[in-house]
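Subject: The structure for you to look at

Hi there,

Here is the structure I said I would pass on to you. Please open it and keep it beside this message while you read.

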Amino acid sequence: MLELSINGIDVQVEEGSTILDAARFLGIDIPTLCHVEGLTPYGACRLCVVEINKGEQARLVSSCTYPAEHGLQVWTHTRRVVEARKMLIELLLAMCPSSKTVQDLASAHNVQKVRFKVDYSDCILCGLCVRMCNEQMDARAIGFINRGKDRRITTPFDVKSDICRTCGACMYICPACELRCQGPHPPGDVCGGCLNVEPVCLEEEEQKMCFMDPCGWCYKETGRRKTEKEK
Amino acid sequence: MNKIKTPAELNKIIAKNSVKTDKPCIVIGTGTCGIARGADNVVKAFKKELKKHNLESNVDLKITGCHGFCEIEPYLTILPEEIHYIKVQPTDVKKIIKKTVIEKKIIPDLLYTNPETQERIVKEQEIPFYKKQTRNILGNNARIDPQNIKDYFGIGGYSSLSKALTSMTPEKVINEIKDSGIQGRGGAGFPTGFKWEFCRRAKGTKKYIICNGDEGDPGAYMDRGLLEGNPHSVIEGMIIGAYAIGADEGFIYIRDEYPLAVKTVENAIKQAREYGFLGQNILSSHFHFDLKIVRGAGAFVCGEETALIASIEGRIGEPRQRPPFPAQKGLWRKPTNINNVETWANIPLIITKGSKWYSKIGTEKSKGTKIFSLVGKINNTGLVEVPMGFSLKDLVYGIGGGIPENKSFKAVQTGGPSGGCIPKSLLDTPIDYEKLKEVGSIMGSGGMVVMDEDTCMVDVARYFLEFLQDESCGKCLSCREGTRRMAEIVTGITQGKGKEGDIELLQELAQVVKDTSMCGLGQTAANPVLSTIKYFREEYETHIRDRKCPTGVCRDLYISPCQNACPVGMNVPGYISLIGEGRFSEALELALDTNPFPSVCGRICDHICQSKCRRNQLDEPVAIRELKRFIGDYEENNIEYPDIQVSKETIPFKVAIIGSGPAGLSCAYFLARLGYRPTVFESQPVAGGMMAVAIPEYRLPKRILNREIANIKKLGVDIKLNTRIGKDITISQLWSQGYEAFFVAVGMYGDRHLGIPGENLENVIQAVDFLLDVNLGNPIVSPADKKVAIIGGGNSAIDAARTVNRMGAAETIVLYRRTRKDMPAYTTEIEEAEHEGIKIHYLTTPVRILGEKGKVKAIECVRMKQGDFDKEGRQRPIPLDNSNFYLDVDMVIPAIGEFSDVTELFTGLDVELNRDGTIASDKSGRTSIPGIFSGGDVVSGPATIIKAIASGERTAVTIDQYLAKDRTRQYPWREHKIVDTYFDSEAEPMGYGMQKPRMLLLNQRLGNFNEVSKGYTKKTAMKEAQRCLRCDLEIDLKEKLEIDEKEAVC
């Protein structure tokens, strides 16, 4: 067993676990997008970043791939982490504003506007479908081609695949082709204001203080959740 | 071939190959860089020529890799005399064989010429470029034929392998490497010894080592230089490493864009195997090791170790999250050690000479030497090896030889796309891992791209971001989308689509990309953006706010390079094309629209427009200044201000302008055109400021100046002469008289003192005072028949010298403490002064003025030598001991710069001043007190006339906005006027160079102040004007102006 500390709480996990496993064991919610149990960790969406070590050695790593180490100190919701996640969600939202998953992530993290040009792409290149096809369906019908900004998912040589059994697993797992609620929103708008549960304590503390909903720290301080004005 | 089985056999073969012979040998550098310059044609020519003379058996031909100095390729060295010829062409070969090889004579024309001293240098090592380096690794390139292992034996090759295998345990080798302190040369700088130790300690019996030769940084080619020039040193280092780590298989990963390197290394591996250095039981030590080449397919990201491993395994070259580190789970999940080419090449040296020797080189924390490829806007392009801790300044100015075409240094980009740009202010930075990181860059693999004043830093950021968004593997969101979005924003800025908040968004995004990316590529991708914003934020702001690219790189942001360069934005192509068609008065009207002093500027402007002229790339720039002068002269009696540009209504606000120099008068001019009736106060009895009292008549006739001042007066400007503000009347008094705005443009009028004994003697006169007296017609001391020494190297020193000469001085000497190329005066002025017989003593400083009966008798001087470089690339003058000498003189004119003193002027007012006495004011002219504005030299320090005019114009607009409070007012002169001249864009450019203006002959100049330059005739002016390439027509002007207007409205 390995003993590490997450947000100051000591936790014991089995060798081979990741930080994400350990955090979830403690009930700490770390957002993920490209991570699905049953598929190999990929570490591409970077939403699950957490901060390890302190001071000058502090850095952000993806918790879904980082193996738990003995004595490791992990912080899952520091300001640096939360701000990075918000920026990443903003980038995802600019790519694919029509995805319900992305919109839900945005509202859960209080991302309220997109400062980039909106693309309306239908893929966020999380690679879930590729891993699903390869690892669970054992078909290997699709994969990535090109690199950088030209990267996309396709069948070999862009032709209709013989080995694809049209099982639909790729579509089942895709977070981008799931449509968001179709309210009267202008293009590029962020929906789901209904779900804003951003941790308010970050305005005064270096990291999120609890994972209750709504966050209990405010109650401790003032007896009630702060209003917009008070913030 | 016999395998070398024991260390003794190796020693024997080394001894055999190390014997020096007197047989002539021609060594030719043919790296890829040399071949590109035609080195292989030179080789062919030599082979042919040697055959012709039947010298094939008597003269050896050695083909080596690149020696380093790529700028002078193709080069060759003739042994045993070590004669080094540069820029050799196949046509020179015949001469070389005949003269040098057979007759043993040197051909001076083919030798390297030291640009500083103009002396010719025979030996390669004596060339300053090489002399200032420490060439531990690269030096061998000049001695080795990379195709021939025997040459490597000749320098003791494979002896360190033998030493390691026979007398050292693997642990001892690792300790030796650890003690040496060498850090990874690939960029990150991880200590090599520790890396090896981790890999050695990792569980498993099968281990791999890899040499990373996937060198993809734009402008970096150190690894190629080594692989092509000395492949065995890399192989030997790898065998030693494998022995220390316990690996039995290795890979050299070379990018396929290096075909010569691949070929050379392939051959080297074959030879090493034949001699038994690779394979089973190496040197009877029971150690087995073999090497393979893997060719990289051109992905930049494959330089990242986990991506490189994936690529060797045959998978897509994509990194994966570390840990596990390759030392634990690397190639095929086995412990793997990866080092850069240069790191491996250092290993044999450390083993042979010992860690103690090695750790003495460099700084406390960074050890050894590092190879850099010095490229970009630098005189001496090439591969440079210097010890860690060498200063950037010495690298750029010393070894690099400074910036071509006397342009000034702007920044150096280290570490390729992952590095940052280091500005001039940080040129003192020593090159080591920590210091470069501190200033926001990285060591990187060793690319060093030098940028000059013509480089736009926003464009540099755009270039690197575009590179990175293409080369990012695209696996992780932050790197793929982050680089793409950063590129999108920066490209927008370069196209004039930037908006407020862009810089902050870039910084925020860059920080996230840096924090959250998976591999080194993404983690460092933000560096070019962050460092350019950090050091050149102003440039970003100018792009976003003023939609202007000061360097004239971003094409969407300017109309023509000359107009962009001009501080007042004169429509240069417009008036030049009008001159070309003979429409002189229209041309003058257009020039007068933005500049009230076209004739004055036509004479004394520093014409930065000409240095940006595109025609310069073809032959010479268009003589913009001369043409401007011509139209004023030609239309001498025909200057009429266009009525439309003058507001009909009179604005009642009273504006006081203090100082009638170019800044003050141009402010008055533009205010008058808006309808104001400003009053100009001048302390001297003449108007014009420095134009009237400091510039001598022979450069700027008073008639010309007064004509342009008279025109300004005609617009309703009142000039009150002999009125000294602060003494005759104060600003507060004027305020109470109803003046509501003040423009202080009093310039710099005090001379700096030398601070040496004897300065108070009679006949020591400050240059400004002297020129003022001469210009006003009453010199206190006449220099006639005197020996006069002028001290300084600026324009006023040369002005004083030429004036003194004209007044009949017996001898005129200028003393300057630096060299001629450092003189701030205009080159043409210096040339004319020398032409007129004025002697300039360089590297000379006065230390004492000696007098007799209160008058100057002699001046004591010391000689200076050139010391360290300063940040501007000038060498600091250092006095030479015991070099004092005396010059008999009767008069001394110090001209070492000016300063300003505005305390009297601001009596009773608390206007904020800068430390150096200049007035603190913002770009638009506002000082700390509302209603008081300032501009010109008194704000900027000594500058040029055109900058003063620009400052006057800017402040006129500010004053109007302050008084009239009308934000919607358009300033007609700021609109670009499209001229209707004809231009055939298909036609070839005119095939002649710059036309020379007529000059006064030497014997016509002495004893009078007639203008030296007589300008163009109508014919030559038209001929010159037709040389203009009309860059303004490159873009659709009408469309651009419409877009600009729209953007302005938004």
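In this predicted model, the centres of domain 1 and domain 2 of chain A, taken over C-alpha atoms, are separated by 29 Å. To find them in your viewer, colour residues 1-77 of chain A as domain 1, 128-173 as domain 2 and 200-231 as domain 3. How many residues of domain 1 of chain A are in contact with domain 2 of chain A? Six residues of domain 1 are, and they meet six residues of domain 2. On the domain 1 side of this contact, four residues are nonpolar, two are polar and none is charged.

Next, have a look at a pair of helices in chain A. Two packed helices are described by the angle between their axes and the distance between the axes. Helix H2 (residues 79-95) and helix H3 (residues 100-108) of chain A pack at an angle of about 145°, and their axes are 10 Å apart. The crossing of H2(A) and H3(A) is left-handed. Which residues meet there? From H2(A) come A:Ile89, A:Leu92 and A:Leu93, and from H3(A) come A:Val102, A:Leu105 and A:Ala106. By class, this contact has six nonpolar residues, with no polar and no charged ones.

Now to where the two chains meet. Here 27 residues of chain B are in contact with 25 residues of chain A. Three helices of chain B, H18 (457-471), H19 (477-494) and H20 (502-516), each supply at least two residues of the side that touches chain A. Which helix gives the largest share of that side? H19(B) does, with eight residues. By class, the side of chain B that touches chain A has 10 nonpolar, seven polar and 10 charged residues.

Chain B itself is divided into six parts: domain 1 (17-128), domain 2 (149-360), domain 3 (369-556), domain 4 (579-640 + 983-1034), domain 5 (643-749 + 900-974) and domain 6 (751-897). Between the centres of domain 3 and domain 4 of chain B, taken over C-alpha atoms, there are 38 Å.

There is also a sheet in chain B to trace. It is an open sheet of four strands in the order E23-E22-E21-E28, with parallel pairing. Strand E23 (839-841) and strand E28 (891-894) of chain B are the edge strands, each pairing on one side only. On average, neighbouring strands of this sheet are turned by 20° against each other, direction ignored. Strand E22 (residues 811-815) of chain B pairs with E23(B) in the parallel sense over three bridges, and B:His841 in E23(B) is the bridge partner of B:Leu815. Helix H34 (residues 795-806) of chain B packs on the sheet and touches strand E21 (787-791), E22 and E28 of chain B. The direction of H34(B) makes about 170° with that of E22(B).

Finally, a word on confidence. Chain A has a mean pLDDT of 82, with 78% of its residues at 70 or more, while chain B averages 90, with 98% of the residues scoring at least 70. In chain A, confidence is lowest in helix H6 (residues 216-222), at a mean of 50, and highest in strand E3 (residues 49-52), at 94. In chain B, confidence is lowest in helix H40 (residues 1037-1049), at a mean of 64, and highest in helix H11 (residues 231-245), at 96. For the complex, the predictor gives an ipTM of 0.87 and a pTM of 0.87.

Happy exploring!

Conventions:
Residues are numbered from 1 along each chain as its sequence is written. Chains are lettered from A and ligands numbered from 1 in the order in which they are written. This is a predicted model: local features need pLDDT of at least 70, side-chain atom pairs count only at pLDDT 80 or more; totals for chains, interfaces and linings use all residues. Two residues are in contact if their C-beta atoms, placed from the backbone, lie within 7 Å. Ala, Val, Leu, Ile, Met, Phe, Trp, Tyr, Cys and Pro count as nonpolar, Asp, Glu, Lys and Arg as charged, and the others, Gly among them, as polar. Axes are lines fitted to C-alpha atoms, for helices over the stretch in contact, and angles run from 0 to 180 degrees between N-to-C directions. A crossing is left-handed if the near helix is turned anticlockwise from the far one by less than a right angle, and right-handed if clockwise. pLDDT is the predictor's confidence in each residue, from 0 to 100. Two strands pair if DSSP finds at least two bridges between them. Domain bounds come from an automatic or database domain assignment.
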